[in-house]
Structures are given as C-alpha cells and as structure tokens.
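Welcome! Let us take a friendly walk through this protein model, one part at a time. Have a look at the picture first.

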Amino acid sequence: MSDLNKAIIDALENLKGKNIVTLDVHELTDVMDTLIIASGTSSRHSRSLAENLVEETKKAGFRALGVEGLDAGDWVLVDYGDTVVHVMQQETRDYYELEKLWSMKPASRG
C-alpha cells in the first residue's frame, strides 16, 4: 500500500468511516490506479470525513487535486490523481454500487 493510500485510510478510520474498501483499478482504466470508497452515517459525517481526509493527507505531504460534492455531503469525491476517494452515505453507495461497477472486467471488443 502506498504512503498516500495509508494516509487516506488512516484519516477515514480516525473519524469512524464505515465499510472502507480499496480497489485496484489500474487494469480497468488509465485515469487512476486505486479507488477508495467509504461510507458516512449522515451528510454531516460524510463532509467531516472528506474534510478531515484533505487536512490529514495535506499534513502528510499529499495535496488533493480536487474535491467535489462537499456542499451536499451525500457523495463527496476527493481526487489525488492516482487515487480517487468516494465518501458516500450508505443509501447513495447502495444505489450506485461502485464496488460492483469497478470490479467488473470490460467486455472483450474482439
């Protein structure tokens, strides 16, 4: 696990992020290598998780390239380039099923 990904997981665990999943997606896309998904118990919790994530990783020397969805808090995306973090409320996570989407191999275009 990279230092960045360890810092991300630690920051999410420190504020009691739920059901944290790390997916290696480097074979599925050129956009990123790792996808990390965590759940918050409310929009406030999801926002706090994302804000803490940005703050703690910055202290560790890693800057987020972008943060989206912080205002609403039901789904916050934090982009670190090679690693993208999704902090979602459980109902949003259940609806979009990102783990299932990103674990599927692309169909052969033979």
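Is Y96 buried, partly exposed or exposed? With a relative accessible area of 44%, Y96 is partly exposed. Please keep in mind that this is a predicted model.

**The aromatic rings**

Two aromatic pairs are found in the structure. In one of them, the ring centres of W75 and Y96 are 4.8 Å apart and the planes meet at 50 degrees, so this pair is tilted. Because W75 belongs to strand β4 (residues 75-79) and Y96 to helix α3 (residues 90-96), the pair ties together parts that are 21 residues apart in sequence. The other pair is made by Y95 and Y96, with ring planes at 85 degrees, so it counts as edge-to-face. Through these ring pairs, W75, Y95 and Y96 are linked into a cluster.

Here is how accessible the three residues are:

| Residue | Relative accessible area | Class |
|---|---|---|
| W75 | 25% | partly exposed |
| Y96 | 44% | partly exposed |
| Y95 | 65% | exposed |

**The sheet and a helix across it**

Now to the strands. Five of them make an open sheet with mixed pairing, in the order β1-β2-β5-β4-β3. At the edges sit β1 (18-24) and β3 (66-68), each of which pairs on one side only. From one strand to the next, the twist averages 15 degrees. Strands β1 and β2 (residues 34-40) run antiparallel and are joined by five bridges; K18 stands opposite S39 in β2.

Helix α2 (residues 43-59) lies across β2, β3, β4 and β5 (83-89). Its direction is at about 160 degrees to β5.

**The nonpolar cores**

In soluble globular proteins, nonpolar side chains tend to be buried together. Which residues have the most contacts inside the largest nonpolar core here? They are I8, L12, L53, V78, Y80 and V85, in a core of 15 residues. At least two residues of this core come from each of α1 (3-14), β2, α2, β4 and β5, and α1 gives the most, with five. Apart from this core lies another, of eight residues, including L23, V25, M32 and I37.

Leaving aside residues up to four places away in sequence, V78 touches A50, L53, V54, A64, G66, V67, T83, V84 and V85. Of these partners, L53 and V85 are also listed with V78 among the residues with the most contacts inside the largest core.

Terms used. Residues numbered from 1 in each chain as written. Predicted model: local features only at pLDDT ≥ 70, side-chain atom pairs only at ≥ 80, totals over all residues. Heavy atoms only, no water. Phe/Tyr/Trp six-rings, centres within 6.5 Å; stacked < 30°, edge-to-face > 60°. Helix = DSSP H or I, 4+ residues; strand = E, 2+ residues; numbered from the N terminus. Buried < 20%, exposed > 50% of the residue type's maximum accessible area, 1.4 Å probe, protein only. Pairing = 2+ DSSP bridges. Axes fitted to C-alpha atoms, helices over the stretch in contact; angles between N-to-C directions. Contact = heavy atoms within 4.5 Å. Core = buried A, V, L, I, M, F, W, Y, C linked by side-chain atoms within 4.5 Å.
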